[in-house]
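Dear colleague,

Please find the structure below, handed over for your files. The findings follow directly after it.

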Amino acid sequence: MSLLEAKRLEKHYGDHVVLERLDFRVEAGDFVTLVGASGCGKTTFLKMLLGTERISRGSLTLDQRPIPEEPGPDRGVVFQKYSVFPHLTVLGNVMIAEELSQSRWLGKSFGTARRQARDKAMARIEEVGLANALGKYPHELSGGMQQRLAIAQALMMRPRILLLDEPFGALDPGIRQDMHELILTLWKEQQLTIFMITHDLKEAFALGTRLWVFDKLRHDPQAPEAFGATITYDLPIGERQPPADLSARLSERGLKTLTQETLL
Amino acid sequence: MKRLINLTPSRGGRWLLGLLPFLVVAMVYLSLSNARLAENPNDRLLPAPATMANTFYTMASEENQRTGQIVLWADTFASLERLLIGVAISALIGLSVGLINGGLPLIRAKFSPLVTVISLIPPMAILPILFIAFGTGEAAKIALIVIGVTPFLIRDLQGHALRLPDEQLIKAQTLGGNSWQVLTRVLLPQLTPRLLNATRLALGTAWLFLIAAEAIAAQEGLGYRIFLVRRYLSMDVILPYVAWITLLAFLLDQLLARTSRIAFPWYHAEEGDKP
């Protein structure tokens with residue numbers, strides 16, 4: 001059975017159709033990269049997975065159960081920014097995940113439980129290479145280090161799916177390369193299932209096993225909001241290189257779309 | 001020549017520039033005072049600094065014959081006690097209501113309009129009600145401070161809680177946090193430094209209400225003393241008392257500012273405070 005499945009999934013705000021006709025299955029271990037023009041509904045889609053946006057029609061199931069309408073520990077997330085807690089140190093930021101589940105009332109643990117939480121957190125922190133910044137607060141870290149911290153934090157809960165909303169969008173190219181290696185290593189080692197939104201098509205090809213292009217299939221100039229975007233291309237990426245004829249293959253399908261213009 | 005906005009004083013220059021206005025004010029006072037005293041040595045309106053120092057020293061060292069207390073210290077302790085109790089109660093209410101209002105939309109929908117309306121009531125206008133309800137003792141004065149300061153604190157903290165990025169609340173939930181944990185582990189720690197800074201701003205208002213309440217009904221207190229000696233035109237008491245109140249206010253403000261900087265360095269880094 002598939003890990004995640006969508007059937008005739010739609011999202012509208014009143015008459016404004018944002019997403020329509022979403023049908024897909026995602027298996028455990030897939031690394032799906034999502035691209036598309038700004039405002040085409042990628043983030044809305046991610047929010048539906050996260051549970052902060054309600055599903056308008058159709059079904060979206062995780063492990064055969066409908067996705068709950070609020071965020072939960074089965075779905076981890078890293079945003080472009082504000083993902084970490086500014087009032088906690090690196091260690092505190094990662095430990096809080098364990099502490100919240102250990103102590104329902106205080107959200108803080110002591111003694112043996114605390115040592116266990118610490119050990120668990122240390123393992124995650126070492127994975128992302130922040131072991132020498134344990135006592136630092138997020139404002140003392142660079143953008144790249146903050147994102148590493150956010151990833152370590154999200155992995156504490158061993159989420160069924162990991163959602164990344166342009167996690168490297170604000171980083172320098174060199175740092176971005178390091179982050180790509182990190183996320184690929186973690187993905188392989190921990191057999192994660194990842195959804196990642198990106199604006200960078202090269203990044204999408206470099207990281208993903210599947211590339212989804214979000215775009216509108218139908219467009220009514222009189223009523224631009226009548227039709228929503230959908231997954232226009234679901235490309236399996238084997239060799240992790242953009243096929244040379246991608247542009248040709250896309251236009252072969254008879255669609256000169258906004259997405260192609262911005263991306264290719 | 002650099003632009004004016006780019007010219008910054010050196011370290012010593014900063015002190016000197018800061019001191020200059022004080023010196024000018026002192027000079028103006030001295031010359032006016034001298035001029036009046038030359039005309040009439042018994043003038044009470046602009047007493048000489050020496051007279052003020054003498055009076056202040058007397059008030060700070062000699063026991064009052066009737067009460068057996070040293071006036072300045074009795075006044076100071078009475079006033080500070082009222083002020084600190086009032087501000088502490090306000091801070092406690094402000095933090096809890098601000099936290100709950102900011103964190104729980106269901107509660108906010110009910111209480112936020114009420115808080116807004118209450119904050120618009122001029123506290124001085126209901127002082128008579130307080131005197132009627134609580135008598136003219138300590139309770140009424142503390143209540144006035146609480147009523148005057150709390151709505152501001154609530155609104156400031158609620159606003160700050162709402163301005164915290166949603167991403168943090170979502171993140172906490174993906175880490176398995178329940179509502180209570182999100183409130184106590186994510187919102188509360190981030191509101192605490194905000195509370196210290198909002199309290200700093202509110203202290204000025206708190207002093208205002210304290211002195212107003214003491215002026216109307218009290219047996220001791222800094223405000224009471226000032227309004228008492230006003231009848232005898234005792235500027236030699238009033239002016240040192242005002243300076244003393246200012247000093248106390250300054251020290252309280254600095255205490256809060258330092259505490260906040262030491263305890264919550266991340267908050268000040270985030271707010272982009274310049275040292």
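Leaving aside neighbours within four places in sequence, Pro240(B) is in contact (heavy atoms within 4.5 Å) with Met52(B), Phe56(B) and Met235(B). The residue belongs to helix 10 of chain B, residues 235-263; helices (H or I, at least four residues) and strands (E, at least two) are DSSP runs, numbered from the N terminus. Pro240(B) is buried, at 12% relative accessible area. Here buried means under 20% relative accessible area, exposed over 50%, and partly exposed in between (1.4 Å probe, protein chains only). Between Pro240(B) and Leu252(B), 12 residues apart along the chain, the C-alpha separation is 18 Å.

This is a predicted model, in which local features need pLDDT of at least 70 and side-chain atom pairs count only at pLDDT 80 or more, while totals for chains, interfaces and linings use all residues; side-chain values use heavy atoms, with hydrogens and water left out. Residues are numbered from 1 along each chain as its sequence is written, and chains are lettered from A and ligands numbered from 1 in the order in which they are written.

The unreviewed UniProt entry annotates residues 76-256 of chain B as "domain: ABC transmembrane type-1"; positions are in the numbering used here, feature names are shortened, and annotations may be inferred rather than shown by experiment. Across residues 76-256, chain B is 86% helix and 0% strand, with its end C-alpha atoms 19 Å apart.

As to the interface, chain B and chain A bury about 2500 Å² between them, 64% of it on carbon and sulfur atoms; buried area is the accessible area (1.4 Å probe) that two parts lose on being put together, summed over both. Lys171(B), Leu175(B) and Arg185(B) supply 32% of the area that chain B buries against chain A, more than any other three residues. The contact takes 22 residues from chain B and 35 residues from chain A.

Arg185(B) forms a salt bridge with Glu99(A) (2.7 Å, N to O), and the count between the two chains is 1 salt bridge. A salt bridge is a side-chain nitrogen of Lys or Arg within 4 Å of a carboxyl oxygen of Asp or Glu. The side chain of Lys171(B) makes a polar contact with that of Gln153(A) (3.3 Å). A polar contact is a pair of N or O atoms within 3.5 Å; within protein, one must be able to donate a hydrogen and the other to accept it, and residues adjacent in sequence count only if both atoms are side-chain atoms. Gln153(A) lies in helix 4 of chain A, residues 143-155, and is buried, at 0% relative accessible area.

Over all chains the count comes to 21 salt bridges. One of them joins Glu10(A) and Arg57(A), with the closest N and O atoms 3.7 Å apart. This pair links distant parts of the chain, Glu10(A) in strand 1 (residues 4-13) and Arg57(A) in strand 4 (residues 57-62) of chain A, 47 residues apart. Glu10(A) is buried at 17%, whereas Arg57(A) is exposed at 52%.

In chain B, Glu138(B) forms a salt bridge with Arg82(B), the closest N and O atoms being 2.8 Å apart. Helix 6 (residues 138-163) holds Glu138(B) and helix 3 (residues 71-103) holds Arg82(B), 56 residues apart. Glu138(B) is partly exposed at 37%, and Arg82(B) is buried at 3%.

With kind regards
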